[in-house]
Amino acid sequence: MSLTTSTRPRPARLETTTRVRGVHLDWILVLAVAGLLVLGSLLVWSATSHRESLTGGDPEAYLKKQLVNIAIGVVLAVMVAATDHRWVRILAPLVYVASVIGLVLVLVMGSTINGSRSWIQLGGLSIQPAEFAKLAVVIGMALLVAERVEGSLRTREVGGRYVVGMLAIAGVPAALILLQPDLGTMLVLSATVFGVIAVSGVHRGWLAGLAGSGVVAALVAVQVGVLEDYQLDRFLAFTDPTLDPRGAGYNTTQARIAIGNGGVFGQGLFDGSQTRSGFVPEQHTDFIFTVAGEELGLAGASLLILLLGVVIWRALTISSRTDDLFGRLAAAGIACWFGFQAFQNIGMCLGIMPVTGVPLPMVSYGGSSMFAGLMAVGLLQNIHLRSSSTGIGMARSRLVRSRY
């Protein structure tokens, strides 16, 4: 009888574990991302439906493409979320190497668009490896620190050699991105790297040194002519858009006009005057926020910012709640990535940041950006499921011990 009693609970445990992994997702994160995808699809549709030069006469052409991008991205996110955390660590170096190879191929056989050699054309498909490099650098840095520091009882502080290692991991993709040149991605990558290093537990002196070095490097880059002329013009236009209102300052001027037209509640979806006239360049990609500002007004633009803020908040929450060092650093890195890229994109539409050409995460049109962003969301869910399962298992063990 005792044997029967001892073996009876086993199926229940297995059933409970399955239920936890199936239901204990971060549903707030899921709903926020879903809201961004729906809102982004509507904005892309509105930005392109009246432009026959883009759609070829099919007003829903870009909406259909965006929905396909979302479907593929969701599949990738589910695959990443369902992958065992041990396999995530095993595959991390392969993802990093693949991203570096992709960046090299861009320089060898890439296509130049808007002054940047950032895309690989595969038939009718355009791939931007720099978008995947952001995720690859995050998990590469997290893996380096986790493999070396976890289990060490000597100190919890990350030493200088780990900082150098993380900078080396980020340095290879960064150098290849600079050669394209893609200044916007470089800025996002730099902010992400700084965030991961800060969360890793490094001494504050290293953070101050890195910040100072970044400022010096930027000044040297301007002095020695590393930046292209059009990039310098964009920075000058950022300081004063009236210097070249029909050239480098045109995008910022038109973007601010479009957002100002929206008022509190907007002119209505598909009815924005600037959007219908096509005055704002790249409005379905880099300047997608101007569609929200003009057609949905302050209310709709605030909702968009709120949803992005929720995603970043959940990423930071997942980072703070996991005991796994790899998961903590990876989640924090994703939060820094999404946070700075959203700030940069919205900031350049408002004229408070220079125009650098970065998409708004999970909102702008584009396959590579959508795939990389949703894969990052899948990794957040993977980390959340791992920490939730561990926490439930620990609570169950404490409950069993308390009964005896």
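I class a residue as buried under 20% relative accessible area, as exposed over 50%, and as partly exposed in between (1.4 Å probe, protein chains only).

I worked on a predicted model, in which local features need pLDDT of at least 70 and side-chain atom pairs count only at pLDDT 80 or more, while totals for chains, interfaces and linings use all residues. Residues are numbered from 1 along each chain as its sequence is written, and side-chain values use heavy atoms, with hydrogens and water left out.

**Aromatic pairs**

I searched the whole structure and found three aromatic pairs (ring centres of Phe, Tyr or the six-membered ring of Trp within 6.5 Å; planes under 30 degrees apart stacked, over 60 edge-to-face, the rest tilted). Tryptophan 45 and phenylalanine 270 form an edge-to-face pair, because their planes stand at 80 degrees, with centres 5.0 Å apart. I placed tryptophan 45 in helix α3 (residues 27-48) and phenylalanine 270 in the loop between α12 (250-261) and α13 (273-277), so this pair ties together parts 225 residues apart in sequence. Tryptophan 45 is partly exposed, at 23% relative accessible area; phenylalanine 270 is partly exposed, at 23%.

I then looked up tryptophan 337 and phenylalanine 338, a tilted pair at 5.0 Å centre to centre and 50 degrees between planes. Tryptophan 337 and phenylalanine 338 are both buried.

**Glutamine 341**

I located glutamine 341 in helix α15 (residues 325-350). Glutamine 341 counts as buried because its relative accessibility is 1%. I noted that a polar atom of its side chain lies 2.9 Å from the backbone oxygen of proline 359.

Conventions. Helix = DSSP H or I, 4+ residues; strand = E, 2+ residues; numbered from the N terminus. Polar contact = N/O pair within 3.5 Å; in protein donor to acceptor, adjacent residues only side chain to side chain.
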